[in-house]
Amino acid sequence: MQATPATIARTQAYALRQLDALAEKMERKTKIGDLAKMAKEAESKARGWLVVLAGCFQLQDAITVLELDRVLDASREELDRHRLALRAARQDRLELISRSTERLMARMDAAAGTANTKVLLHPTTSAAVVQSREHVASVVDDFHARLGIESGRQSLEAKRWVDAASEVRDKVLETGAERVDASRRLGNEALDRARSVQGRLSSEIAERAFRRRGGEDEESDEQG
């Protein structure tokens, strides 16, 4: 019986390392095809390792009950102190498991986000990545609920090709409209400047003509 807790702890640690390895492999992938392949692998393997972790946690809770019974028979005075120590150890295990599962889901979320940005060029592959993410999220959320771990994760949807195409079209139209407005503003400014220059030139020409005419009138008076 004494070797059982150590065996369970080693098994739990190994399962957590496997989940961490899946998250690290996901983080290294950048191409959509590699992401899809890795997301599918995570989908198939994560469930198995979560089952192992759930079994370990159940066995550890059972051992805790046996330990409390033993302490109760041996020394009632030590019961509360021992119970608090076992509760703290249980919470530590929960936090350790939660960190690994959340790390995996963070990488799955990032992969799904990347896939949604590439849906125009890779509609089928992108949808597969998001679908794998949803499957893993469902399993992780169910696992968390059974262990009492809170999770506020929201569902992600695969972006449809038509939606992505519409966004691109809207951006093109928006950019085009901005360019038209800019061209119109520049045209209006140029027109205003041209009018201003034209007005100044007209005034100068009129003034020169007036001065010239005034000079001719003076010469006519002198000749007369």
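Modeller: Here it is, and bear in mind that this is a predicted model. On rings, the structure holds one aromatic pair.

Colleague: Which residues form the aromatic pair, and is it stacked or edge-to-face?

Modeller: Y14 and W49, edge-to-face. The centres are 5.5 Å apart, with 70° between the planes. An angle over 60 degrees counts as edge-to-face, so the label follows.

Colleague: Where do Y14 and W49 lie?

Modeller: Y14 is in helix α1 and W49 is in helix α2. The pair therefore ties together parts that are 35 residues apart in sequence.

Colleague: And the accessibility of Y14? What about W49?

Modeller: Y14 is partly exposed, at 42% relative accessibility. W49 is partly exposed too, with a relative accessible area of 22%. The cut-off for buried is under 20%, so W49 does not count as buried.

Colleague: What lies over the face of F57?

Modeller: R93, at 5.5 Å from the ring centre.

Colleague: Switching to charges. How many salt bridges are there?

Modeller: The count comes to nine salt bridges. Take K45 with E41: the closest N and O atoms are 2.9 Å apart. Both residues sit in helix α2, which covers residues 32–74. They are four residues apart, about one turn of the helix. K45 is partly exposed, with a relative accessible area of 41%.

Colleague: Which residues are linked with K45 in a network?

Modeller: K25 and E41. Salt bridges link K25, E41 and K45.

Colleague: Give me one from α4.

Modeller: R146 and D142 form a salt bridge at 3.0 Å, N to O. They are four residues apart in helix α4, so about one helical turn separates them. R146 is exposed at 66% relative accessibility, while D142 is partly exposed at 40%.

Colleague: And R133 with E134: what is the N to O distance?

Modeller: 2.3 Å, for a salt bridge between their side chains.

Colleague: Is R133 buried or exposed?

Modeller: R133 counts as buried, at 2% relative accessibility.

Colleague: What else is buried in α4?

Modeller: The buried set includes V129, V130, V136, V139, V140, F143 and L147. S126, S132 and H144 are also among them. What covers the buried residues of α4 includes α2 and α3.

Colleague: What span should α4 have, and what are its end C-alpha atoms doing?

Modeller: At 1.5 Å a residue, the 25 residues should span 36 Å. The end C-alpha atoms are 36 Å apart, so the two agree. After α4 comes G148, with a positive phi near 85°.

Colleague: Now the core. Which residues touch the most other members of the largest nonpolar core?

Modeller: L53, L104, M108 and V129, out of 33 residues in that core. Helices α1, α2, α3 and α4 each give two or more residues to this core. The largest share comes from α2, with 10 residues. As background, nonpolar side chains tend to be buried together in soluble globular proteins.

Colleague: Which residues is V129 in contact with, leaving aside its neighbours within four places in sequence?

Modeller: I32, L35, A36, A39, A111, A112 and A115. V129 itself is one of the buried residues of α4.

Terms used. Residues are numbered from 1 along each chain as its sequence is written. This is a predicted model: local features need pLDDT of at least 70, side-chain atom pairs count only at pLDDT 80 or more; totals for chains, interfaces and linings use all residues. Side-chain values use heavy atoms; hydrogens and water are left out. A salt bridge is a side-chain nitrogen of Lys or Arg within 4 Å of a carboxyl oxygen of Asp or Glu. Buried means under 20% relative accessible area, exposed over 50%, partly exposed in between (1.4 Å probe, protein chains only). A nonpolar core is a set of buried Ala, Val, Leu, Ile, Met, Phe, Trp, Tyr and Cys residues joined through side-chain atoms within 4.5 Å. Contact means heavy atoms within 4.5 Å. Rings of Phe, Tyr and Trp (its six-membered ring) pair if their centres lie within 6.5 Å; planes under 30 degrees apart count as stacked, over 60 as edge-to-face and the rest as tilted. A charge sits over a ring if NZ of Lys or CZ of Arg is within 6 Å of the ring centre and within 35 degrees of the ring normal. The expected span of a helix is 1.5 Å times one less than its number of residues.
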